[in-house]
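Welcome! Keep the sequence and the 3D view open while you go through them.

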Amino acid sequence: MTASMTYREAVRSGLREALRKDERVFLMGEDVGRYGGAFACSHGLLKEFGPERIRDTPLSESTFVGAGIGAALGGMRPIVEVMTINFSLLALDQIVNNAATLRHMSGGQVSVPLVVRMATGAGRQLAAQHSHSFEAWYAHIPGLTVLAPATNQDARGMLLAALDEPDPVIIFEHTMLYPQPGEVDQEAPTADIRRAAVRREGTDLTLITYSGSLVKALAAAEELARLGIESEVIDLRVLRPLDTETVLASVSKTHRAVIVDEGWRSGSLAAELSARIMEQAFYELDAPVARVCSAEVPIPYSKHMEDAALPQVSTIVQVGRELCAKNE
Amino acid sequence: MADEKKSDLSALSQQRALALLGQMLLIRRFEEKAAELYSLGKIHGFLHLYIGEEAVAVGAMQALSSDDEIVSTYREHGHAIARGSTPASVMAEMYGKANGLSRGRGGSMHLFDVGRRFYGGNAIVAGGLPVAVGLALANKLQGRKRVTACFFGDGAVDEGEFHESLNMAALWKLPVLFLCENNLYAMGTGLERHQSQTDIQAKSRAYSMNGEAVDGMDVLAVEAAVTRAIETIRGGAGPFLLEARTYRYRAHSMYDPELYRDKSEVEQWKKRCPIETFAAKLRKAGLLADDDWKELQSSVAAQIAQAIAAAEAGPWEPVEDLLKDVHTPATKSAQSNSAADAPDEPIANQAQPSPLVKR
């Protein structure tokens, strides 16, 4: 049955279903209980599931993520919420050195079925310690699966799919998406967490993006269409492992690609995708791959400066036009 | 310090006495041999020797049941062997062979024996403490009576995760034994140069947690102290911080010039050698005859020879398996952490039925 709900409510719907269907599942993190979650994703769950399963933690990111790893080793299915991606750097040691590593390093003796959710991205004037996009760092790590749901259906379905994984999964929820309205089929099976999705079909240009930039890419595609350029929009959805096949199929059709990535350009996911397109579809290209990324500055507070630092619809349109004007 | 009455010899059978001595001796000789093999190029990477600290692992493991869980450090050969991992599987791991505990992927610092609930040597200082907290949380949530014993050194006390983990475990009354092996050096930095409060067990008070120090050179004292700590934990009093005061005789890893301590200090501590002092006590009490000692020596030598033979003969993991187990194979059930869920089975860490003791 399809229902209207925000992205935040879709996350909550996924959490509630997971908690109902598997008693090993519990949610742990800063202010997930009484406060209802910093972004209100877990609002009301404490009342329904109690403090053992909706577990407020001390402000100890490294240790509550590490405790999630230990609980996963002990047969539980923990969902750990880290309030923001910037704070997750305090837990990077546990995620990289333990969660992602233990299975291989132990010769396959253990699995770490841990789900870590965190808010990412800029746009709310939260300045340089709450607004960054480090998804590429996590996508760099073997042993992790990295998800970036951009639609409300995916916000719910990818969480449920992540809980079926035997290994650690990191889920990035863009803060600008939480109030996004949408339709969610709550009886749909869990979402696919292997493949990218083509969100708009087109013939002239491929816009490749993920997370909070999807809405910008779709808006840019509409504007480009008015200019006679039909864009195909790919929502990566899964940042590790990257679904190169879907990207290459589209680029082989349109022969032009713009990658829209809220991360900084240097060492970005956009860089990785660009390299893969060059390696595997070089002769399909009619123009060099273009990238629209965040300016290489700590994200500033002032609205006009924050806007200037981030990928914008107008920039995507401009880059798309230029690309299509070349080598006509 | 430990209650002397409980760590005396009066209640000790000769069989148990020889088993404790034999385990310490096995660990000592095993590591001496490992050091030789390192020099011969058979073992590579880092090799952190436990020599001098054997009483802590052997004493502590006596007090833990096969059901309990262990999280360890990168100086963990002694922990693994005292837990019951075979010397052959530990040696093969150091050789990097596929018959090693971790299939040769971890080496000296990453011995995993999950069948014995030994959750690994962790080479990030304090990195195991949060994991131990989580294992204990899982036990609490599932109503299991297991205790998670987490070994770490005095260097780990410098890390934020030590304080975070003690706080969280105490806040949630989790069944964790935090067992600090204070060997007075964080690599080359002496305790008084890295801690403002050098009485480590005193830090337990800051977290409303039980804490105590024990002579880590005395195997019976360690056993008694860990037994008491485990009793309080199982009684529902929450976690316990036990500081075992001990000393490392060798370099931090295989070689270092030891510029950070005086040779005389090492010599002083060697007078308190956990093996020699325990053997002397047993002789005095009439529990260790010359023949017993010889028999222990030859039994240990045979086990080590067998371990080396197994390591030498072991296969290398095929290079085609390089990427295997980055992720769990799809065929493996998502539910499984088999050791966590497995029915309890006896393991070989308890001192009584030791192959070292014939009579």
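This is a predicted model: local features need pLDDT of at least 70, side-chain atom pairs count only at pLDDT 80 or more; totals for chains, interfaces and linings use all residues.

**Exercise 1.** Leaving aside its neighbours within four places in sequence, which residues is Val25(A) in contact with?

*Solution.* Residues are numbered from 1 along each chain as its sequence is written, chains are lettered from A and ligands numbered from 1 in the order in which they are written, and side-chain values use heavy atoms, with hydrogens and water left out.

Step 1: contact means heavy atoms within 4.5 Å.
Step 2: with that cut-off, Val25(A) is in contact with Ala18(A), Leu19(A), Arg53(A), Arg77(A), Ile79(A) and Leu163(A).
Step 3: take Arg77(A) from that list; Val25(A) and Arg77(A) are 52 residues apart in sequence, and their C-alpha atoms are 4.5 Å apart in space.

**Exercise 2.** Is Val25(A) buried or exposed? Look at its strand too.

*Solution.* Step 1: learn the cut-offs. Buried means under 20% relative accessible area, exposed over 50%, and partly exposed in between, with a 1.4 Å probe and protein chains only.
Step 1: the relative accessible area of Val25(A) is 3%, so Val25(A) is buried.
Step 2: Val25(A) lies in strand β2 of chain A. Helices (H or I, at least four residues) and strands (E, at least two) are DSSP runs, numbered from the N terminus.
Step 3: five of the five residues of β2(A) are buried, so β2(A) is largely enclosed by the rest of the structure. Val25(A), Leu27(A) and Gly29(A) point one way from the strand, while Phe26(A) and Met28(A) point the other way.

**Exercise 3.** In what order do the seven strands of the open sheet that holds β2(A) stand?

*Solution.* Step 1: two strands pair if DSSP finds at least two bridges between them.
Step 1: β2(A) pairs with β4(A) in the parallel sense over five bridges, and Val25(A) stands opposite Arg77(A) in β4(A).
Step 2: β2(A) and β3(A) also run parallel, joined by three bridges; here Gly29(A) has Asp56(A) as its bridge partner.
Step 3: the whole order is β3-β2-β4-β5-β7-β6-β12 in chain A, with mixed pairing.
Step 4: β3 (54–56) and β12 (238–240) of chain A each have a single partner strand, so one side of each is left without a neighbour in the sheet.
Step 5: further along, β5 (residues 115–120) and β7 (residues 169–174) of chain A are parallel over six bridges, and Val115(A) is bridged to Val169(A).
Step 6: Axes are lines fitted to C-alpha atoms, for helices over the stretch in contact, and angles run from 0 to 180 degrees between N-to-C directions.

**Exercise 4.** Which residues of helix α10 (residues 244–254) of chain A are buried? Find what they pack against.

*Solution.* Step 1: the buried residues are Thr244(A), Thr246(A), Val247(A), Leu248(A), Ser250(A), Val251(A) and Thr254(A).
Step 1: these pack against elements including β9 (197–200), β10 (205–209) and β11 (231–235) of chain A.
Step 2: α10(A) lies across β9, β10, β11 and β13 of chain A, at about 175 degrees to β11(A).
Step 3: the open sheet in question has five strands in the order β9-β11-β10-β13-β14 in chain A. Five bridges join the parallel strands β10(A) and β11(A), with Ile208(A) bridged to Ile234(A).
Step 4: after the helix comes His255(A), with a positive phi near 70 degrees.

**Exercise 5.** At roughly what angle do the axes of α1(B) and α10(B) cross?

*Solution.* Step 1: the axes come within 10 Å and cross at roughly 155 degrees.
Step 1: α1(B) and α10(B) are therefore roughly antiparallel. Angles under 35 degrees count as roughly parallel, over 145 as roughly antiparallel, 65 to 115 as roughly perpendicular and the rest as oblique.
Step 2: among the residues of α1(B) that meet α10(B) are Leu20(B) and Met24(B), and Phe278(B) is one of those on the α10(B) side.
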